[in-house]
Amino acid sequence: MSALRSLNPYFWKHKKLLAWGVLFIVLGNFFNIFKIPFIGKTVDEIEHALTLSEAQLADLTSIIITNVLIIIGSSVLSGFFSFMMRQTIIVASRKIEFELKNTIFRKYEALSLTQIKNSSIGDLLNRLSEDVVAIRMYLGPGVMYVANLAVLLLITSIYMLKSDMEMTLWTLIPLPFLSFIIYRVSSIINKKSKILQETQSDISTFVTDAFSGIRVIKFFSKEQYFFGKYAEKVGVNQDKAMDLAKTEAYFFTIIQMVIGLLNVAILIIGGNKYFANQISVGEIANFFMYINILIWPFSMVGWITSVNQRAAASMTRVNEFLNAPIEIPNFNKEDYTIEGNIEFKNVSYTYPNTGITALENVSFRIRAGEKVAITGKTGSGKSTLALLITRQIQPDSGEILIDGIPIEQHNVEVLRREIGYIPQESYLFSDTIANNIAFPLEEGEYDLELIKKYAIKADIDKDIQGFTKAYQTMVGERGVMLSGGQKQRLCIARAMIKQPKILLFDDALSALDTETEEKVLRNIQEDSTGITLILITHRQSTISQADTIIYLD
Ligand SMILES: Nc1ncnc2c1ncn2[C@@H]1O[C@H](COP(=O)(O)OP(=O)(O)OP(=O)(O)O)[C@@H](O)[C@H]1O
Ligand SMILES: [Mg+2]
């Protein structure tokens with residue numbers, strides 16, 4: 001479980017809260033046990049009541065009332081401190097979970113595109129949310145129940161030993177076996193719920209796919225086929241759920257059975273001792289209560305052990321993710337502008353996950369202010385070239401120079417600001433049109449007028465005015481359906497609003513008619529003279545107007 005050690009700094013950060021938690025555990029358990037002897041004493045007093053005189057009875061009443069008040073007061077205090085124990089330890093675990101999630105998300109954003117597409121990291125990403133939950137179980141309940149049991153066991157043992165040694169042994173010895181059995185049952189439950197979860201996520205993937213592809217399903221009349229597959233998957237899920245429920249049923253059955261057996265043991269041993277005049281009825285009653293208090297934490301420790309094993313496995317995965325090297329480090333923090341000269345010298349790139357060599361020994365030069373067309377067969381590596389220019393991936397060999405300086409020495413943030421990139425597949429966020437266009441800018445750097453200005457340049461303003469809510473219209477998953485050409489033009493407006501020195505279209509004018517395309521390109525060049533335009537395209541008319549043509553074979 002050494003992987004869990006990497007959580008120690010987080011524990012250390014919240015040491016105050018956790019220290020309070022431990023204090024509350026001690027106090028909570030102390031008051032929980034403290035009341036028990038008073039219950040036994042009260043029972044013993046009542047037992048003798050029949051033989052007492054009037055005056056003695058009055059005394060007895062006051063003794064019983066005092067005992068009852070102590071019992072109530074001690075229960076209230078115990079409850080209060082248990083509440084405080086959760087308020088500190090569970091709160092600390094939630095805080096650590098929050099910090100861990102933030103660290104993971106930051107790391108995710110720092111990874112390169114190839115790392116994110118890389119299947120093993122992709123798998124990790126899918127599991128991270130599940131893993132964080134498993135780790136939180138260790139941080140919160142795990143820590144709490146173990147500390148709780150340790151304290152409780154110590155205090156109860158002292159009380160029990162003071163009362164009767166033999167009965168203490170008889171009742172304590174079976175409890176570790178209970179922990180072990182619960183641990184085994186919990187491990188099986190864990191395995192089965194993992195299988196259940198897998199069938200669950202299988203269904204989710206399937207349903208998401210069916211939703212996104214509903215048009216295709218309908219067009220090819222595949223509804224019945226998809227329904228059949230869905231029913232099959234749900235059936236598997238149900239079988240696994242039933243299987244899990246059966247095992248879960250053992251959990252409480254075992255605990256109840258052990259409680260029953262221990263109570264019988266106390267009754268037999270205690271009864272014999274009572275008749276031998278070695279113990280009072282009240283003390284037997286106390287033992288019933290000690291056992292019932294101890295059963296739960298002993299069971300929880302069995303459960304927690306299996307939870308901790310799972311947490312350790314999760315932590316190993318999270319560490320693997322957090323320790324993945326940063327492929328595209330940014331050493332340069334200077335702020336400057338670039339002119340827009342680009343040079344490739346014998347650049348090669350092979351996708352690590354598939355081993356496909358997308359580019360081999362590519363060399364060319366683009367001067368600032370040029371209009372360049374990049375063309376070639378599909379799959380010839382045009383989009384890969386765009387990823388290299390924007391430094392989203394790193395060449396395996398060769399050199400890329402921007403303004404004569406190797407791309408690695410540039411400030412990545414400056415590059416991303418100065419290069420407007422419109423990807424081949426337009427992606428819009430589930431947000432308003434205005435926010436999607438203004439996406440690259442910071443709050444306060446823009447107003448509706450600026451957004452409108454660039455929407456006009458991208459020739460999309462007229463379309464936007466046609467929507468009932470105009471610029472406040474929601475787009476993306478939860479919004480209006482936009483045509484392919486509308487999406488592309490929104491993406492163009494979004495890239496232009498940064499006023500970059502280089503604009504790189506990855507086939508991002510393909511859904512526009514020739515006339516609109518020319519209009520948009522004219523607008524761009526009017527807006528910023530000297531802008532370098534790189535157009536990845538299959539269109540003859542665009543290619544023929546370029547200053548330079550790069551043809552990839
Ligand atoms: N993320 C990726 N992982 C693995 N291989 C990839 C990846 N992206 C592209 N490839 C492969 O690299 C090669 C070049 O792909 P690229 O997308 O650069 O072609 P393209 O010229 O842009 O094609 P198109 O005109 O169809 O857009 C292809 O063989 C493709 O299968
Ligand atoms: Mg492409």
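Helix H12 (residues 382-389) supplies the largest share of the shell around ligand 1, 3 residues; helices here are DSSP runs of H or I with at least four residues, strands are E runs with at least two, and both are numbered from the N terminus. Keep in mind that this is a predicted model, where local features need pLDDT of at least 70, side-chain atom pairs count only at pLDDT 80 or more, and totals for chains, interfaces and linings use all residues. Residues are numbered from 1 along each chain as its sequence is written, chains are lettered from A and ligands numbered from 1 in the order in which they are written, and side-chain values use heavy atoms, with hydrogens and water left out.

There are 15 residues around ligand 1, and Gly 379, Lys 382, Ser 383, Thr 384 and Gln 424 come nearest; to be near, a residue needs a heavy atom within 4 Å of the molecule. The table lists polar contacts with the ligand, meaning pairs of N or O atoms within 3.5 Å.

| Side chain | Ligand 1 atom | Distance |
|---|---|---|
| Lys 382 | oxygen | 2.7 Å |
| Tyr 351 | nitrogen | 3.4 Å |
| His 538 | oxygen | 3.5 Å |

On its own, ligand 1 has 630 Å² of accessible area, and the protein covers 72% of that; areas come from the Shrake-Rupley method with a 1.4 Å probe.

On to the strands. S1 (residues 342-350) runs antiparallel to S4 (residues 397-402) over 5 bridges, where pairing takes at least two DSSP bridges between two strands. Lys 345 has Glu 399 in S4 as its bridge partner. S4 also pairs with S5 (residues 405-406), again in the antiparallel sense, over 2 bridges, and Leu 401 sits opposite Pro 406 in S5. S4 and S5 make a hairpin with 2 residues between them, and Asp 403 in that turn has a positive phi of about 50 degrees.

Now for the cores. A nonpolar core is a set of buried Ala, Val, Leu, Ile, Met, Phe, Trp, Tyr and Cys residues joined through side-chain atoms within 4.5 Å, with buried meaning under 20% relative accessible area (1.4 Å probe, protein chains only). The largest one has 67 residues, and Leu 7, Leu 175, Leu 178 and Ile 295 have the most contacts inside it. Helix H11 gives the most to this core, 16 residues. Leaving out residues up to four places away in sequence, Leu 178 touches Ile 254, Val 258, Ile 295, Phe 298 and Ser 299, a contact being heavy atoms within 4.5 Å. A second, separate core has 36 residues, including Tyr 471, Leu 482, Ala 495 and Phe 505.

Terms used:
Buried means under 20% relative accessible area, exposed over 50%, partly exposed in between (1.4 Å probe, protein chains only). A polar contact is a pair of N or O atoms within 3.5 Å; within protein, one must be able to donate a hydrogen and the other to accept it, and residues adjacent in sequence count only if both atoms are side-chain atoms.
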